[in-house]
Amino acid sequence: MTTRLNRRGFLATTGAAGALSFLGPKVLRAQEDGTLRFGLSTYPPSFDAWASNGTAAGTIKVMCHRGLLSYDAEGALRGELAETWDVDDDGVWTFNLREAKWHDGSPVTAEDVAWTITEVQKPDSAAYLQNQLATITSVETPDDKTVVLITSEPQAVLPEWFANYNMPILKKGSARDDLMGAGPFKVEAIDRGVSITVTANPDYYKEGLPKVERIEAIVYADENLRIAALEAGDVDIVEYVPWQAMAQVGDNPALKLDTTFGPFMYLTFNASKPPFDNPLVRRAVGHAIKREDIAAAAFYERGAPLEHLPIPDASAFFNPEFANEWNYDPEKAKALLAEAGYADGFDCTMLSTAQYGMHQSTAEVCQAYLSMIGINVTLDLPEWSTRVKKGNEGTYDLAVMGTAAANNDPDGLATVIDGSLASAYSRSYGLETPEISELFAKGRTIFDTEERKAVYKELEKVAIETAPIMGLCWREQGYGMAANVEGFANIPGQLTFHSGITLEDAMLG
Amino acid sequence: MLRYIALRSLVALFLVWVVVTVVFLLLHLIPGDPAELLLSTGNIAADPAAVAALREKMGLNEPLWQQYISHMAGVLSGDLGASFRDGASVIEQIALRLPRTLEVILAAALIATGIGVPLGTFAAIRADGKADAAISFFASAALSTPVFVVGSVVILIFAQQLKILPAGGFVDFSEDPVEHLKLLLLPAGTVALALLAVIIRMSRASVLEVLQRDYVRTARAKGLSRGPILRRHVVRNALIPVLTVLGLEMGTLIGGTVLVEFVFNWPGLSGYLVSAVDARDYPEVVGIVMTISVLFVFLNLVVDVVNALFDPRISLVTS
Amino acid sequence: MSRATRRLILPGAIAAVIVALVLLAPVLPLDDVRGMDIPHRFAPPSAAHWLGQDEFGRDVLARLIWGGRASLFIAFGSALAAAVIGTTLGLLGGYFRGVVELLTVRAAEIILCLPPLLLALLVVTILGAGTWPLILALTILYTPNYARVVYAATQQVRGLDFVTAQRAMGTHPLVILIRTILPNVLPPLLVQASLVVASAMVIESGLSFLGLGVVPPTPSWGLMIRAARGAMEVAPLLLVWPSLALAGTILTFNLLCDRLQSALDPRSVTAGGALWLRPRARSASKPATRPAASEEAPLLEIEGLSIAVNDLELVRRVTLSVRPGETMALVGESGSGKTLTGLALTGLLPDTLRVTGGTALYTPREGAPIDLAQLDEEAFRALRGTEISMVFQDAAAALNPVLRIGDQVAEAIRVHHALDGAAMQARVVELLRHVGIPDPERRARAYPHELSGGQRQRAMIAVAIANNPRLLIADEPTTALDPTIQAQILQLFAQLKRDTPGMGMIFVTHDLAVVAEIADRVTVMYAGEVVEEGPVTEVFARPRHPYTAALIASVPEGGAERLVAIPGAVPSPHKMPSGCRFAPRCTHAKPVCTQSAPRRSHPSDTRLTRCFRWEEVT
């Protein structure tokens, strides 16, 4: 590698290393005191347990909180606070809790679970899964360790909800942003905007876990510095390896790169006002953008075009006939714009963020292509937490967004396209999708896979026509770590953002 | 002496009052609704409900003079309000982060003075020679290279390639003093480079000036050798203007380490300011700007007073 | 063209090229700065893309030039706007003063209480990011600088005669401001402008780098650097170009500013340095040619000593001698070369001057005589203080203001004697007492500015005699003092003479009354030459040179402050008369006097004069 040669040249010619040798070789502090250092991509906009606030917030939440269920490193459901769970023929779900304690030493009871569900269900809870949990009509707690959930209609995917990192169980009466939970780590110190330090919870219900004594989650808002910190050995794991640096991390023998395909980029629209209240305009946008260029420019070829709803082609619910429905076709885009009454185009503002390079690059490519069909886009590139706030408040015309579905089931897409949910930055703002909402509700009640396939096929058909979001591209999502980190895994597919769960198994070899 | 300090302090207090008022008025006298201004982006109108909520939160519905009085009362009692973003107390956040920024600046000033004064003195001794030209060019180049370029390069060299220093971040001194100092080195060094340029130029000019003074000739007439003359007579006197400039530069730096803090992930006051500006979190921005301006004004006061102490000739009463 | 102006050419030319490039950007055959070519992203430099292609396949050269346009537009825009507003404020404030000044200049200065970047960030908070908010912020930022500079310049110009005249003629103030004062304040304005442009570019690029300035895809150097940082491993050159462009442009404008400053205001540039500080090889001091001292050997014997700046002789072939215990007065008007002669004897001539000829044999306590005209700095250093010492004219300037008196005396002692703390302290106090400083224990701890003028001069003398020099050169030691103090200091010198009988003294003065009081012999200098020499009593009784005679005649009974009443002035070194240098002022001058220079004549064994007609006119 040229950089190595440079380094040697530098050493030989300047002798600067000699001058600085008093600093000594860099020792990994982590190995000395059992502290794992995790490089966060941004400071969590909030620690709200049930709201979605991005990956960094999620990672912190899964350190401190646990839900009823979770996913293992392969992405299979597993029990957490619930040891076992079951559904009867009427679609009534029963969860049997294990002996677990809150950080304050009190036991986790069925009452806490019931309180949590009731809080999330409240119409104004702004919880990520509020809409889904609202279908639970009754929560029964026959004893301290049993929770029985009765839903209006049978809910096939209910366990997935309770495995989501935005659905942890809180102790009854807790504040929503209290990090006091039943998870493997307790908060030791919080330096707002800088770092969050957690220490191992000795009362954690899994024997021998967590394996590290302490995790120091340090914010490296600048992605270049995040990689520099990993290379310099300042941190052991980083999230969001920037795509341009993936090869560099993968090639470095001292580091490991763990990536998965799953998250996707898309555009959300502000449908509360013209011009994006018009589905024709939204579809025109889709036909105007060449997805390969996003995959190349924003993801350094570690991405793939997405010209339909984000259902992976490996999924049983993938519909090949829709695969290229939103394809790049500038003529068609212009025709659609003309049909919508914007033959001469228009000006608008596109929200993205400068904090993640690929968000900005995606926006820049979209901007370039949209200008070709007469849509003049002004970029708004605040840092992540501001971008989230603006997304939630609808202060934009269209926005670049990247996320993963809530889970690998097509129902997980509800958080992205179901317009009946409370407004959130991950969905288009002010967009009603009555047909889609209905189909989601219907799909949840069906347990038979073939029947469900039909429902979601219908759903995708509607979505292709109305374009509640506009798919752009799939992307790889990567964690970078020092070669001596073991146990931490990037959970595959849409579950990649749940990977923080495996921090309880992580250790420094 | 006391009278002088008292007088200068009064002037400084007056300036602080003016600054606080100006900052307050800056938003309120601009045409348009401040709440709407803060919430809108480009051509996107803000949500009327959010604007109304913000108006309420900022107390914009009261008459301007009442807002001003409550603003001043808050400032006087040390209450700079709460963040729009998460309601965190602005003054607490400032108290947490200000020392970190000051630390970088102080360390940078030490490094820059330690290197800059000898270099500047050397350049003055070799005035118009090759060494002088080289040092002067280095100073100009250092002054002209933006800190974010320097920062990126030193991270590449010292952290990623040589791996002898951490790339960036912050560890509390009480937690790990050695690591703390290591983390301090690159950002302080980068700030120092910019300061260095100023100090070299100033030392050079100042030494050249002092060399023409009669008392240097007297020192030579005593038979003193070069070293003591330089140390006791030349540099000691030449330092006075250098330290003045250094003090003023440090004042400018209190708000000017933004880029260095960003590049090195140093969680100081400037980084806080940038994120506040980015989020257009008005109470935070105003609180920080005010704090820094007040510090700036008082630092200038301190520079003047120290200058007066350092240089016994300055007649304290007349100025 | 002066050197300073020549030095302007390089940065000026580069700046012109940069400005021309960005001005011509729209007509240059450049690629579309937004035109993406993603398949060819990170392409290296090629014929079509001279600097390669960026992360979106856009042409780097085009983006660099257009980026410069964005940066310079903001920089020049704000510099210009600030210049117009600041100049107006400064002109008004400086011309009208009073309330107007308060409302303009002083009001603008409030902005200086805000650190620069902060103000920019405040404006961005309120107005959002973008080109125009940046221009506004930078304009506000730099207005007070202009206002100050113009205010100061206006103040100066305002008092000049031609402005007063115009005002008296009833010209409208505005017309005066625009026609007369504005052109006069232009030079400092230009310097300020180049400074502001450089500084504005630093702030603009910084804000854009942070994402708070120019919004993509508008190219800007700050943004380009930010983007290239991510791709540093893939395409390091992408980082190099904008960094070079940015640093280079700022450097250019900084240099331009520096050199404008030195071209427009040459006074501000301190010349020189100090040659004595540089170790250098110089011809080793030749051994003295004269045999070892006989009994009657003089302490110092100067023969034909000349001092010149470049090729201009300031002191020509001076000859004089001092015997042990003798006080020689060196008398002359200002510019006669008497002080230079004194400085040459201790090697303290300013760097631009040097000894060009002659010898100055000094007989040290031990060893062979040394030729002072040949010594280098190191050899002089060994003599200074202990062999030859000097009392300077203005003690207030000659004492280091930031060191205590005692320390300055101790320092002199320490050069030649190793004394420890208490002994040193005792010696210092003793010396101070010796020179008549009252309460020496306390005064030793005082700073020079805390002493009276007379006490300062006494301290200066204490420093000079600290090591019992054999030759004391006193350079107008009483000139800066008022008459009563003068008398006291002269008494002190007289006492020193009595106390140290072997010490020779050269007493440089223009005051004949002083000469009469203190000196044994007198050497009169005029225009760099010795015109007369002899024992004081004889010379005063019967001067053998018209100049000496005129000098004595001009002194009223009882002594006077200044020499008066000799018509004309000492000729400047550039226009030395060809014959006798005093001829133009001499009442006895004859044609012979202007034809050739007079030689030395000896009216008696102990006397010397340089006059053709001494026998006739004296």
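Predicted model: local features only at pLDDT ≥ 70, side-chain atom pairs only at ≥ 80, totals over all residues.
Q: What is the mean pLDDT of chain A, and which stretch of chain A has a pLDDT below 50?
A: Chain A has a mean pLDDT of 84, and 94% of its residues reach 70 or more. Beyond near neighbours in sequence, one stretch with pLDDT below 50 has 24 contacts in the model. That stretch is residues 1-32 of chain A.

Q: How many helices and strands does chain A have, and what is its radius of gyration?
A: Chain A has 17 helices and 19 strands. For 509 residues the globule rule gives 23 Å, and the value for chain A is close to this, so chain A is as compact as a globular protein of that length. The C-alpha atoms fill a box of roughly 70 × 70 × 35 Å along the principal axes. The radius of gyration of chain A is 23 Å.

Q: What percentage of the residues of chain A count as buried?
A: Among contacts in chain A with a separation of 6 or more, 68% are between residues 24 or more positions apart. Burial is counted over the 509 residues of chain A. The buried part is 58%.

Q: In the open sheet of four strands in chain A, what is the order of the strands?
A: Strands β4(A) and β5(A) run antiparallel and are joined by five bridges. Strand β5 (residues 93-97) pairs with β7(A) in the antiparallel sense over four bridges, and five bridges join β7(A) to β6 (residues 136-143), again antiparallel. The order is therefore β4-β5-β7-β6 (chain A).

Q: Which strands stand at the edges of this sheet of chain A, and why is one side of each left without a neighbour?
A: The twist of the sheet averages 20 degrees from one strand to the next. Each edge strand has a single partner strand, so one of its sides has no neighbour in the sheet. The edge strands are β4 (82-87) and β6 of chain A.

Q: Which residues form the covered face of strand β7 (residues 146-151) of chain A?
A: In a regular strand, side chains alternate between the two faces of the sheet. In β7(A), the uncovered face holds A:T146, A:V148 and A:I150. The covered face holds A:V147, A:L149 and A:T151.

Q: How many residues lie between β6(A) and β7(A), and at what angle does helix α5 (residues 110-121) of chain A run to β6(A)?
A: β6(A) and β7(A) form a hairpin with two residues between them. Helix α5 lies across β5, β6 and β7 of chain A. The angle between α5(A) and β6(A) is about 170 degrees.

Q: Which helix gives the largest share of the side of chain B that touches chain C?
A: The contact takes 66 residues from chain B and 59 residues from chain C. The chain B side divides into 36 nonpolar, 15 polar and 15 charged residues. Its largest share, eight residues, comes from helix α10 (residues 226-254) of chain B.

Q: Which strands are the edge strands of the open sheet of seven strands in chain C?
A: The order is β6-β7-β8-β3-β9-β10-β11 (chain C), with mixed pairing. Within the sheet, β3 (residues 327-331) and β8 (residues 504-509) pair in the parallel sense over five bridges, and C:V331 is the bridge partner of C:T509. The strands that pair on one side only are β6 (388-391) and β11 (608-609) of chain C.

Q: In helix α20 (residues 546-554) of chain C, which residues are buried?
A: The buried residues of α20(C) pack against elements of chain C including α18 (512-518), β9 (521-526) and β10 (529-535). Others in that list are α19 (536-541) and α22 (614-617). The buried residues are C:P546, C:Y547, C:T548 and C:L551.

Note on methods: Residues numbered from 1 in each chain as written. Chains lettered and ligands numbered in written order. Contact = placed C-beta atoms within 7 Å. Nonpolar A, V, L, I, M, F, W, Y, C, P; charged D, E, K, R; others polar. Rg over C-alpha atoms; globule rule 2.2 N^0.38 Å. Buried ≥ 20, exposed ≤ 12 C-beta atoms within 10 Å, placed from the backbone. Axes fitted to C-alpha atoms, helices over the stretch in contact; angles between N-to-C directions. pLDDT = per-residue confidence, 0-100.
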